[in-house]
Amino acid sequence: MKRHFLGVDGGGTKTVAVICDERGHVVGAGRAGGCNYQSIGERAASSELRAAVESALGSAGLKIDDIDSAALGVAGADREEEMAIVEKMVGGVVPVERVFVENDALLVLRAATRDAVGVGLVAGTGTNCVGRDRYGRRHQIGGMGYVSGDVGFAEDLAMRAVGGAWMATDGRTGPSTLSSAIVETLGLSRIEDTHQKLVRGVFPESLVRKIVACLFAQARAKDGLALRIIEDTGRRLGAAAAALMRTLVLRGPNAVVVLGGAMFQTPGHEALVEAAERRIRDTVNEAHVVLLTVKPVVGAVLFARDLVNHAPLDFATTLRSEDERIEALCQGVSA
């Protein structure tokens, strides 16, 4: 019988499930909404997780009993008490004997490395920084949003961009093209009307994406304020990774930091990547900083394969080459 491995990347915005065969070829994939229970509650999170897994099984023509092992990286699985809740959710959706459950930040580390040793620094819907050393010790910095001092997630960048634009308008900072660009992006006549776009005190996700795109566009156009916001954000993100490397004493070949998430991986966001890398190297000059070029769910599938025995290099190479197939299957397109 052929072996099949299930990997799930459960983030705050979307949940992606992928199934591959014993050679590393993707045979099924599915997508659903975010499954961070801290944001939407356990019941809704379990529902989204189940929808993604069932979609992947359906596209592969398989049942859950056909899965040999599964690995899930789930946003919200931060510390022991949260991990227990996520593991309970997973147990109800993925009743597989061999299961690995972790925070989604570790997926980017496994997706880009052979041994998942180093630091995974994620900036997307949320921000997280998780690392492992060669002895299996795990450490996490932040991951709880504003309360733990996190920066660099989409909403944070959007709010800093709007705040900076407002300050440039009323004279608290020097002039900036960001001011007029934000007003235009929000469809307003003046920055003081920004509150009209808030829903329960926050910007809707669709506007957050537009504001973040506006911020990076102005940075590429060399606007000083936009560049300062991104530089400061990148340095603070890099400081988290550097602190984690000090804690786990990651040196030499273990001094690896993998950057993942939409704020890092989106084309045109190179300024944030460069700022984070500079800050990391200020502390650990031998650090090897890698920008993830595949979907984080690849790391989940590799973790699932590792549960049987360590994923062979040819398996990992084949899987990493199938990014476009994963996307096509998630959209219901044959590939």
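How many helices and strands are there in the chain? The chain has 13 helices and 10 strands, where helices (H or I, at least four residues) and strands (E, at least two) are DSSP runs numbered from the N terminus. The radius of gyration is 20 Å, close to the 20 Å that the globule rule gives for 335 residues, so the chain is as compact as a globular protein of that length. That radius is taken over C-alpha atoms, and the globule rule is 2.2 Å times the number of residues to the power 0.38.

This is a predicted model, in which local features need pLDDT of at least 70 and side-chain atom pairs count only at pLDDT 80 or more, while totals for chains, interfaces and linings use all residues. Residues are numbered from 1 along each chain as its sequence is written, and side-chain values use heavy atoms, with hydrogens and water left out.

**Whole chain**

Along the principal axes, the C-alpha atoms fill a box of roughly 70 × 45 × 40 Å. Of the 335 residues, 53% are buried; buried means under 20% relative accessible area, exposed over 50%, and partly exposed in between (1.4 Å probe, protein chains only). Contact means heavy atoms within 4.5 Å. Among contacts between residues at least 6 apart in sequence, 66% join residues at least 24 apart.

**Helix α5**

Helix α5 covers residues 154–170, and its 17 residues should span 24 Å at 1.5 Å a residue; the end C-alpha atoms are 25 Å apart, which agrees. The expected span is 1.5 Å times one less than the number of residues. Buried positions in α5 include A154, L157, A161 and A168. The buried residues of this helix pack against α6 (177–186), α7 (205–220), α8 (224–248) and α9 (262–265). G171 follows α5 and has a positive phi, near 95°.

D323 lies in helix α13 (residues 323–330), whereas K2 is placed in the segment before β1 (4–10). Their relative accessible areas are listed below.

| Residue | State | Relative accessible area |
|---|---|---|
| D323 | buried | 18% |
| K2 | exposed | 61% |

Leaving aside neighbours within four places in sequence, D323 is in contact with T293, V294, K295 and V298. K2 touches E22 and D68, not counting residues up to four places away in sequence. Between K2 and A29 there are 18 Å in space, C-alpha to C-alpha, and the two are 27 residues apart in sequence.
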